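Please take me through this structure step by step in the viewer, telling me what to select next and what is to be found there.

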2 protein chains.
Amino acid sequence: MTTFQVDFQPIGRRGPCRPDESFLEFARELGIDLISLCGGHGLCARCRVQIVEGHVSDPTGADEEHLTERELAEGYRLACGCFPRGDCTVGVPPESLSTAMRSQIESRETEVALAPLVAAVELALPRPSLEHPAADADSLLAALRGRPGPRVDAVDVDVLRRLSPDLRTWDWSCAAIVRGREVISVAPPGSRPVGLAVDLGTTGVAGYLLDLASGEVVASKGTMNPQIAYGEDIVSRITYARNSPEQRERLREVAIAGLNQLAAELCAEAGLSATDVAEAVVVGNTAMHHLLIGLPTEQLALSPFVPAVSDALAIKARDAGLRLAPGAYLCLLPNIAGFIGGDHVAMLLATAGDWRGRHAIALDIGTNTEISLITPDGAVRSLSCASGPAFEGYHIKDGTRATAGAIERVQVTDESVRFQTIGAAEPSGICGSGILDAIGQLHLAGVLSSNGRIQLGSHPRVREADGTREFVLVTEEERGGRKAISVTQEDVREILLAKAAIQTGIGVLLAESALAAEELDVIVIAGAFGSYIDVENAIAIGLFPPLPLDRFRQVGNAAGLGAKLALASSVVRDEARELLDRVDYLELARYPGFSRLYGENCRLAAVEPAR
Amino acid sequence: MTTFQVDFQPIGRRGPCRPDESFLEFARELGIDLISLCGGHGLCARCRVQIVEGHVSDPTGADEEHLTERELAEGYRLACGCFPRGDCTVGVPPESLSTAMRSQIESRETEVALAPLVAAVELALPRPSLEHPAADADSLLAALRGRPGPRVDAVDVDVLRRLSPDLRTWDWSCAAIVRGREVISVAPPGSRPVGLAVDLGTTGVAGYLLDLASGEVVASKGTMNPQIAYGEDIVSRITYARNSPEQRERLREVAIAGLNQLAAELCAEAGLSATDVAEAVVVGNTAMHHLLIGLPTEQLALSPFVPAVSDALAIKARDAGLRLAPGAYLCLLPNIAGFIGGDHVAMLLATAGDWRGRHAIALDIGTNTEISLITPDGAVRSLSCASGPAFEGYHIKDGTRATAGAIERVQVTDESVRFQTIGAAEPSGICGSGILDAIGQLHLAGVLSSNGRIQLGSHPRVREADGTREFVLVTEEERGGRKAISVTQEDVREILLAKAAIQTGIGVLLAESALAAEELDVIVIAGAFGSYIDVENAIAIGLFPPLPLDRFRQVGNAAGLGAKLALASSVVRDEARELLDRVDYLELARYPGFSRLYGENCRLAAVEPAR
């Protein structure tokens, strides 16, 4: 049978597709995990793709039902009902991809502008003799001074401790790893320095190993923050640390041990050793930052909630207990405030292309949600709001983290409900994006009143037991007799409180900048949760202002990307410090009328998202 | 009875002296330990003093016998036969003082030009508020920037680790201890930084605690280098270190533990804690330097004998294991070569007033003797010669270290011998200065031939037993039946080898600079042994060229003084680096004709010291 070459972008997978094979089927064949809640029946409208080039089958009834005129004109189709009629290039929007799939895309964004602080210099040193009995370190520095560039005049003491035997082993040839004016490592000739970029989240940790000469990511890995054993969230860890210096030290130790292990594993994957890591850039919220390097955190938790330090730090990795190259540095991006850390700065750095010169909101949703409003003059107003852990699946009856089996997408139809689980596994609970979808859909379906009350009789899946109302996503029967998975009235309340906090934060920033929501050119949504939410449903519950969807950018783990950028470029680190100078921190609790606004926002908006 | 006010200088002790009380007796009454081998009978001529002002009794026959016309004219007298005839000021030359007494004088020389790298800045910081939630370190730096002087822009990470609770305890007042652009400690308001200067010898360690604001020495202490347990001399320690990394690490650990204890004891004496020590300057030979901070020493012991590093180092004290102020630095003066270390540089710095603008030799006699020849243009030629341990009392039959009971002064008369022991204790052996005296005196008395052979029958105390000739200093009878203390033929040989090494070193430096010995304006003799030797006797055996005695300066522990100077002044440290640039290191073993010269110098010179 004839086949056509179909090319999925920006993922970059292609192959021959039969004319009777839908793009949904063919994408899956190529390992592209498009979202489909209805099983390819044109009902859920989640498998949307955009035909960029080439001919395809005519729009179906489902296309016409779920897509606007303009979207159809722009080439959007539902992949489940669309077939090739020639070679095609098919664009896949991130929102049509499953969680796991999106992460792969993110790692494509790491082609970074290179201006690393660390470089390797190949040297052949003169062998000392009785005529010229130069000290080994002197020979090294003299050879470096013979080259262009800034004067190198120091050798780290841990380098000195192994320099003499190493030079003799390598017969006086070596690669000097230089950072600024200092030699931070001396490696065998031909060695290339690598750097470690880490996004140290309260829960998850993402690590990337970069070749600092090419900017290439040579290994990456996600892991858990081992501090979780001492408290799930920031506040419980600060409380734990406050109990005694030993406990604070324990939190430091486990975090550092985690990073040492991460570094070792990444290096092993790349065929390297941790001593090849010449520099580490770690970004995290202010509490993670402080706990990682053993700074006190008591003052973070008490008004006026100040960090021990906000400026960017570059300390010897060994002073933090990291076992990297002998004289390697650990660099930490600046903290904006007690509850706005270097991870937010990293996110801003990574998304500068999205917001520069515009009116923009950039936010990272979590237990604490950090929000910045940027104006075209480059001024930044930032605040943090206590949005609580509901969006992370906590304090939700059937809530779960975003792991296999978690319901991540929900669609409520008149009679029933559709959902997709992570990894297409048997449903085990609801994660943040699923619960947000559910609330949004229930609101749009009229199941929830404007004050968030579940209306009895509004839908076949609404029920009341023991005085608790709930909407059942998966019944006991559907689960083969196990407990039903449902959204309870209490769950709705938790989500409304969380969304109210964020909504209020955005509102306060807009008010402070005397801007109307419509004046925002772009809303950058960063972070794991933010990447996976359905923006329409988020607008439906009032989390975001009702702006056209094309003004929203779901950028994934932008903090990790920011860490990679900062690792690869001193220019980016300078930008981080400049950014800090431009930031005006706003303490939400001090904002007049905060409570009134927050109270108002605990309701559901009666708005239809604009297109 | 009438008394006269007698003032001993430069010691600065004074009191009323009776006209029938000799200056020797009165000095002892005041606790001044003048040397006297003959018990005050005008025989040994060691208790020489200079009448600077006032009237005294007429010169005695002993004065006329032992002093030159010129010396008499200049007011020199033997203290044992000199009595006041009015109020007097009496100068005491260092060579007339006992060992212990001289050390006290040395500590008077420490009034140093102050330009410390470390200073305390008193600050009252603004209390953070919700309106101004500045990070603690930011407040600190902002307050420092409000003051004149170079921009301070970094806070050591160990300072950050305690800053927040400390500031709150001290109600936002503090003394910031600043070094260059960095805050290295934050102390309670009113704190003054102190510094630690250490002369880390192979055997002895001298420590001084300086108030860095005043330059005053607030405590000082001598102790032993605990590495002695792993080898008496440098070479045996390098051998020990070479056996395994663990053994090298052990040497490092014990040395650091010793310094930590020294710091703690000095601080306790001054009512301070080791965390008040904001900076340490340590000087030592290259091997001690390397072993202290864990640098490899193998290459020091193998041709071409190069140091791992020669440049001055300033490393974080914690990186060496020193427990001082949180961000304190350990500074090490530069090494000139594998066997000429920072202690020699320190000595040169401390004695610059003696040699600047002159033709000078400056040397520090030990197992290795470092010698520098300085010309009026500031050029320095340095070499090291293996003089062996004989001058330190090793490899000598009855040799001992310079401790109580050691014979430190010897005078050979026609019929007998006189001597003085350290602390006037029962004689237990001979220390370096005693053996040198003995050889010199035996040579002058004709007991030794020019090739160093003890002549039978030349003196009642010469005897031969079991084929070994010896000169008996203390007989069995004089010791109450215990073994006699004597100088053997073998001892003479050892000393001649040692003096030949040094004599050759001086000769080579003179030849390289095309100078005759008479052109030397000054010979600076530093170090414990050098301070206590009798220069006339040293000249007698040929150790030093036969120059007038007033060209010799015995400067005591000049390395320790140099360490204090460097601690107190960044200018001195700059001088150290400049000195290093001006030094031309000369490898003695490579000098043509070295062996011939050395062979010739193994004889005794037939010279009478010039006056």
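Which residues in α5(A) meet which residues in α6(A)? Before selecting them, bear in mind that this is a predicted model.

Begin with chain A, and select residues 136–145 for helix α5 and residues 157–169 for helix α6. On the side of α5(A), highlight D136(A), A137(A) and L140(A), which meet L160(A), L163(A), S164(A) and L167(A) in α6(A). Sorted by class, this contact of α5(A) with α6(A) has 5 nonpolar residues, together with 1 polar and 1 charged.

Now turn the view so that both helices can be followed along their lengths. The axes of α5 and α6 of chain A come within 9 Å and cross at roughly 85 degrees, and α5(A) and α6(A) are therefore roughly perpendicular to each other.

Next, show chain B alongside chain A, and select the contact between them, which takes 38 residues from chain B and 38 residues from chain A. On the side of chain B that touches chain A, look for α5 (136–145), α6 (157–169) and α10 (298–301) of chain B, each of which supplies at least two residues. Among the elements there, α6(B) gives the most, with 6 residues. If you colour this side of chain B by class, its residues divide into 23 nonpolar, 7 polar and 8 charged.

Finally, return to chain A and colour it by its domain assignment, which gives domain 1 (4–97), domain 2 (118–187) and domain 3 (194–332). Taken over C-alpha atoms, the centres of domain 1 and domain 3 of chain A are separated by 42 Å.

Technical notes
Residues are numbered from 1 along each chain as its sequence is written. Chains are lettered from A and ligands numbered from 1 in the order in which they are written. This is a predicted model: local features need pLDDT of at least 70, side-chain atom pairs count only at pLDDT 80 or more; totals for chains, interfaces and linings use all residues. Axes are lines fitted to C-alpha atoms, for helices over the stretch in contact, and angles run from 0 to 180 degrees between N-to-C directions. Helices (H or I, at least four residues) and strands (E, at least two) are DSSP runs, numbered from the N terminus. Angles under 35 degrees count as roughly parallel, over 145 as roughly antiparallel, 65 to 115 as roughly perpendicular and the rest as oblique. Two residues are in contact if their C-beta atoms, placed from the backbone, lie within 7 Å. Ala, Val, Leu, Ile, Met, Phe, Trp, Tyr, Cys and Pro count as nonpolar, Asp, Glu, Lys and Arg as charged, and the others, Gly among them, as polar. Domain bounds come from an automatic or database domain assignment.
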